[in-house]
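Me: Please take me through this structure one question at a time. I have not seen it before.

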Amino acid sequence: MTTTKKNNLPTILVIAGLLIFVIILENIRSVFPFLPQIFDPMSPLFTVLKKAAVYSLVAVSMNLLNGFTGLFSLGQAGFMLLGAYTYAILTVPAELKDQVYYLFGGCAFQFSFVDFFKGIFGATGVPGAISMVLGCLIALILAGCVAGFFAFLIGFPVLRLKSDYLAIATLGFAEILRAIFQWQRLGPITNGANMIKGFPTFSSFNITDGSGRVVLQLSTFVPFLITTVCVVIIVLLINSSYGRAFKSIRDDEIASEAMGIKLFSHKMLSFVISSFFAGVGGGLFAMYVANAQAKAFTSTMTYEILLIVVIGGIGSVSGSIIATFLYVACSEWWLRFLDSEQYIGGFKVPLLRNGFRMVVFSVVIMIIVLFFSKGIMGSREIDLNSLFVKKDKKKGQK
Amino acid sequence: MGEQAVKNALHIENVTMQFGGVVSVNNLTLDVPEHKIIALIGPNGAGKTTAFNCITGVYQPTNGLIEFMGKPMVRNFPKGKILKNYLGENAGKYKDLPVIAPTPDEITFLGIARTFQNIRLWKSMTVFENVLTAKHMRAKQNVFSATFRGNLSEEKRMREETMALLSEQGLDEYKDELATSLPYGLQRRLEIARALATDPKLLLLDEPAAGMNPQETLELADFVRTIREKYDLTVFLIEHHMDLVMNISDYIYVIDFGSEIARGLPQEIQSNEKVIEAYLGVSDEK
């Protein structure tokens, strides 16, 4: 830690290698069609990878606030909702708006970033693709900004509260937002309780040829890339002077204040940055599920992310990422078999029926919380620089 | 108050701190001249730490004025319901002047650093990080330049200064250990090093010798003198340990039940009747 000249090349190589690996993984079956079904872009493997990439960004952003600054906030789903809606509203193409908002007689907000850039660069071919990418990127950044701005506004009253009170206030904020976004009066903007769809999703990033056949799959690579960039920014922040100040606030507020660290502005900073990335994560989530609907952003979603943070280790970025991949893989894929009747030979395995997965899942989580309360990583990190064997940071995916 | 020939680093005037119906500090007036080591002593519960907390902004005094380097830093007067229940003196003295209520970080920024009676190091951090983090206040960078490494020379400067500070204090061999894993005496020393990292002009030490053995206490006295010379500091300390106080103080204030009962040079205090009484109690035969 003390040496200023640290060689970060191995870390950069590992991350770049991982991203290239994702591209290869999702395209390998189009080159070698004899590979098993699992490498098909439609298989659960890629669903898990996409969802986990999105969730790991939100988990890391929550860890920044709860784990590194010691502010126990439960508003993550609310900020995701803001991000998801901002992204959706800003990118639905104008020609689809009337169709999406048909219950409210069209959208009050006709602007779309994708259209805007298509107007500049052109609507088809490579210029069209560039317009879409640019439009999505700017919409995602704005999604984060809107979430961050709301965090700034509610931060003034809320950040004066401590621990459980802060948790209750932020949870309440998220629930209020969910209700407001389902309000019929706001229909022309939020489409009421109905979903907004028609905006570019992850599969819009697949490169196709003229006839619409996919040449290069990028639908898993895109969330990985965006998450990686965001997580790298968060890690850089955590390792900077500000990150140290955040940690000091977590350790001992009174000492931090006595050492000249402005408590309120640092808490606010952490809150806004965390919400910014939750907002970006919300935008990504909308891309993942291909719609934006307030109903999805329940407090259950916050708890899910909190659980991931706890399982991974509070105060460990790599722990959060590993835990996200494990958690999502378990809930979306590995434990799915528990939900249907299974036969071993002629013997019907008892208990297995719809819903049993959640029972097993709850037990596993209880065991983790009871016996491994520090989580997978505790507060340690995987140092990619010191790895001899280049294990992936996101090893949980396999 | 005081001769103007000597410049006061800290000037406390009529400071009263009242919690509900309890007056913890009553009409305290004292001066801490620059480059001197001044001690505030008194039996348990005399209000010494409360006085410190008033100076460092943890508490807003109910009444009184605190000046730092000749400028008013804290000022308050009792008003409303508090005035009705006010038990102290000089209630109206600062009534017409604006209230000044800085937060602890603002006071630290002015140049007053402190240590704590019960050590408050950041426990998840190493020795090195503890001192480095205290440098954050004066770092010339914002959150963007810090995150995107726009100002690497500033970070480098902070790290070098931290390293220099640690080797001066003889803590460099422990730099990568967790702060809380150090022996008690070294933790105290680390707390002082951390306070020094904020570039203070006035150092407030809250019972620096608490829990130290005689050898460590002796070293501490030398240590405090050394850092005063080296960093051109003024030191104001609270202490129970009479050997240490008599050894290093230039001037001593004694308080009991929140009020000053004596002030003077160490020899004078040692023979002061009231002080002996406060510390040992009154004998029954008298």
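Me: In which sense do S6(B) and strand S7 (residues 202-206) of chain B pair, parallel or antiparallel?
Reply: The model is predicted, and local features need pLDDT of at least 70, side-chain atom pairs count only at pLDDT 80 or more, while totals for chains, interfaces and linings use all residues. Residues are numbered from 1 along each chain as its sequence is written, and chains are lettered from A and ligands numbered from 1 in the order in which they are written. Strands (E, at least two residues) and helices (H or I, at least four) are DSSP runs numbered from the N terminus, and two strands pair if DSSP finds at least two bridges between them. S6(B) and S7(B) have three bridges, and the sense of their pairing is parallel.

Me: How many bridges join strand S9 (residues 251-256) of chain B to strand S10 (residues 259-264) of chain B?
Reply: S9(B) and S10(B) run antiparallel. One residue, B:Val254, stands opposite B:Ala262 in S10(B). The number of bridges joining S9(B) to S10(B) is five.

Me: Which residue takes a positive phi in the hairpin of S9(B) and S10(B)?
Reply: The hairpin has two residues between the strands. A positive phi near 50 degrees is taken there by B:Phe257.

Me: What is the average twist from one strand to the next in the sheet of four strands in chain B?
Reply: The strands of this open sheet pair antiparallel in the order S2-S1-S4-S5. Strand S2 (22-33) and strand S5 (71-76) of chain B are the edge strands, each pairing on one side only. From one strand to the next, the twist averages 15 degrees.

Me: In S2(B), what is the bridge partner of B:Met17?
Reply: S1(B) and S2(B) are paired antiparallel over eight bridges. Their hairpin has two residues between the strands, and B:Gly20 takes a positive phi near 60 degrees in that hairpin. The bridge partner of B:Met17 in S2(B) is B:Val25.

Me: Which residue in S5(B) stands opposite B:Leu65?
Reply: Strand S4 (residues 63-68) of chain B runs antiparallel to S5(B), with five bridges between them. In S5(B), opposite B:Leu65, stands B:Arg75.

Me: At about what angle does helix H1 (residues 48-55) of chain B run to S2(B)?
Reply: H1(B) lies across strand S1 (8-19), S2 and S4 of chain B. Axes are lines fitted to C-alpha atoms, for helices over the stretch in contact, and angles run from 0 to 180 degrees between N-to-C directions. To S2(B), H1(B) runs at about 65 degrees.

Me: Which element gives the largest share of the side of domain 1 of chain B that touches domain 2 of chain B?
Reply: The domain assignment (bounds from an automatic or database source) gives domain 1 (1-111 + 203-286) and domain 2 (120-199) of chain B. In contact, meaning C-beta atoms placed from the backbone lie within 7 Å, are 10 residues of domain 1 and eight of domain 2 in chain B. H3 and helix H8 (214-231) of chain B each give two or more residues to the domain 1 side. The largest share, four residues, comes from H8(B).

Me: Which helix gives the most to the side of chain B that touches chain A?
Reply: Contact involves 32 residues of chain B and 26 residues of chain A. The elements giving two or more residues to the chain B side are helix H3 (104-110), helix H4 (127-134), helix H5 (143-147) and helix H6 (152-168) of chain B. With five residues, the helix that gives the most is H4(B).

Me: Is the crossing of H2(A) and H14(A) left-handed or right-handed?
Reply: The axes of helix H2 (residues 44-68) and helix H14 (residues 317-334) of chain A come within 8 Å and cross at roughly 140 degrees. A crossing is left-handed if the near helix is turned anticlockwise from the far one by less than a right angle, and right-handed if clockwise. H2(A) passes H14(A) in a crossing that is right-handed.

Notes:
Two residues are in contact if their C-beta atoms, placed from the backbone, lie within 7 Å.
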